[in-house]
Amino acid sequence: MSINNKVRLTPLIELNSNYLEGVMLVSPTPISPLGDIDPRTSEIIDPQSPLYGVSIASKILVAPYFRGSTVGPYILFSLKKYGVAPKLIIVEQVDPMLVTGCVISNIPLYQINSIERLRNLSNKLVRVYRNGRIEQV
Amino acid sequence: MYLTRLEEKMLNGELGEAVSIAMKAIVKVGEILGASRLVEITHSHISGISYLNIGDPGLEFIEYLSSKNARVRVFSTMNPSSIDEDKIHIFNISKEELAKQKKIVELLVKMGVKPTLTCTPYYIRKPKLGEHLAWGESSAVAYANIVFGARTNKEGGPLALFAAITGRTYYAGLHLEENRIPKVYIKVNTRIDNAVKAGLLGYYIGEVVRGKIPYIDATILYDESTLKAFSAAYATSTTTPHALLKGVSPEEKIYDKEFIEERIIVDEKELIETLNKLVDQDTNESRKTLFIGCPHLGISEIHYIYDLASKGKIGIEGIIISTSRYVYEKAKNIIAKLESLGAIVVKDTCPIVSRLKIKDYLITNSVKAAFYMKRLHKVKVMLRDVN
């Protein structure tokens, strides 16, 4: 187990448990929930996204920020209802819609100053602690 | 977070369960976004009305609030739905979907939300300078901030509904003067004289400012159509839908070059690159559908289109035009004339949030419509001005 001591996340909506584990998925581009994510399957449906066709279900989803339609929170809520929501979301910049979506869907939300610092963990199984510590499993 | 005594009562359930649910969510969102208190609003505009977008989970969410006797405390309006009930035959919608769509609108009307079914709430109630609003619908949010100097964040549909139920939203983001000060100076070196160019400029600026507020120095033909097109496209690509437009924004006086951190020059080249990114090139003209009305057309815009059509300057046969029921009623006579020339005028909805029957190639003057039609409906798109 290698510990990345340099990286620490700021908790915005904390985990309910002490830690969770999941595969980290890093989207280098911002995500617009309505239009970019299929609410039933959780697949990324934006053809221009490097994650096109990938499911975000049960992943630790990392993106610079979220954007787009104000229906966005309902898309996150739908993912949760259909049991295909990401386990946790990490962004550089927060906005009202992402926060609203995470609050009504009970999706933990963490912040980092630069997602570049998580690039080397992309597609790896990682453990995130409630306090924001993160390590590769 | 500081709460007044009334707000504390709302939070702990003394004003009913629905108010308490709404208040808890607003406080939580506000705390995360750094709000020290709440702010009273005068108008909530609720998005997330189309059943085709919010699905069963969205309907269940609204049903849940309704079952807790939710009522709005302020003037509240709603965004478009997925149907024009007077023209059901031109939509691909099942009986079940239609029933669920009607249910969403009914539940909200029962809560006291006006069934305006439009993305242009500013025609129904004009926002005042400095007024606090909680609006969903990004294009309207940008228009309220930029053109009227009212203050609203781009709220998600559920939060706008919570704000309607409590009459409040969190005091953060664009509600604070300090967050409305431009940090980016943008000089536009090409004349913006129609809705397509205004949309391309808005989309490009939204992409490059990365959430900062720009002061935009441009030669723009300022009319309702260009300002709406600019606002809608800008709100499509930015997270912070506010800007100061030289000569338009009533808050122009708060522009101070001392706060400018970045200067950006926009030439014709950037607009062409943006166009190429958004549209498809190959076209078989026989399969096209023309669409005008994103955002919903206002009365003067309807008159303008009719003027062009009646003088034979544009072909109107088969064009889809979308507007609100408010404007539809006010411009009834002119709309009847447009329809007699072959236009299809729909109210309460638009091709983005519905499954209006269209060909597989859409030509529109709206950058926002092009962006979403391509993604949500997998049609090819082309941008062209009405002229």
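## The main core

The largest nonpolar core in this predicted model has 67 residues, and A:Ile89, B:Phe61, B:Ile62, B:Leu108 and B:Leu161 have the most contacts inside it. Here a nonpolar core is a set of buried Ala, Val, Leu, Ile, Met, Phe, Trp, Tyr and Cys residues joined through side-chain atoms within 4.5 Å; buried means under 20% relative accessible area with a 1.4 Å probe, protein chains only. Among the elements giving two or more residues to this core are strand S5 (88–91) of chain A and helix H4 (95–111) of chain B. H2(B) gives the largest share, 9 residues. Helices (H or I, at least four residues) and strands (E, at least two) are DSSP runs, numbered from the N terminus.

Take A:Ile89: leaving out residues up to four places away in sequence, A:Ile89 touches A:Leu61, A:Phe66, A:Leu98, A:Cys102, A:Ile107, A:Pro108, A:Leu109 and A:Tyr110, where contact means heavy atoms within 4.5 Å. Apart from this core lies another, of 64 residues, including B:Phe371 and B:Val381.

## Where A meets B

Chain A puts 35 residues into the contact and chain B 39. About 3,000 Å² is buried between the two chains, with carbon and sulfur atoms giving 61%; that is the accessible area (1.4 Å probe) that two parts lose on being put together, summed over both. A:Arg67, A:Thr70 and A:Tyr74 supply 24% of what chain A buries against chain B, more than any other three residues.

The interface also has 4 salt bridges, a salt bridge being a side-chain nitrogen of Lys or Arg within 4 Å of a carboxyl oxygen of Asp or Glu. B:Arg375 and A:Asp46 meet in a salt bridge, at 3.9 Å from N to O.

A:Leu9 sits in the loop between strand S1 (3–8) and S2 of chain A, and counts as buried because its relative accessibility is 3%. Its contacts beyond four places in sequence include A:Val128, A:Gly132 and A:Ile134.

Those three turn up again in the hairpin of S7(A) and S8(A): A:Val128 has A:Ile134 as its bridge partner in S8(A), and A:Gly132 is in the turn, with a positive phi of about 105 degrees. The two strands run antiparallel and are joined by 3 bridges; pairing takes at least two DSSP bridges.

## Ground rules

Residues are numbered from 1 along each chain as its sequence is written, and chains are lettered from A and ligands numbered from 1 in the order written. Local features need pLDDT of at least 70, side-chain atom pairs count only at pLDDT 80 or more, and totals for chains, interfaces and linings use all residues, while side-chain values use heavy atoms, leaving out hydrogens and water.

Methods. Buried < 20%, exposed > 50% of the residue type's maximum accessible area, 1.4 Å probe, protein only.
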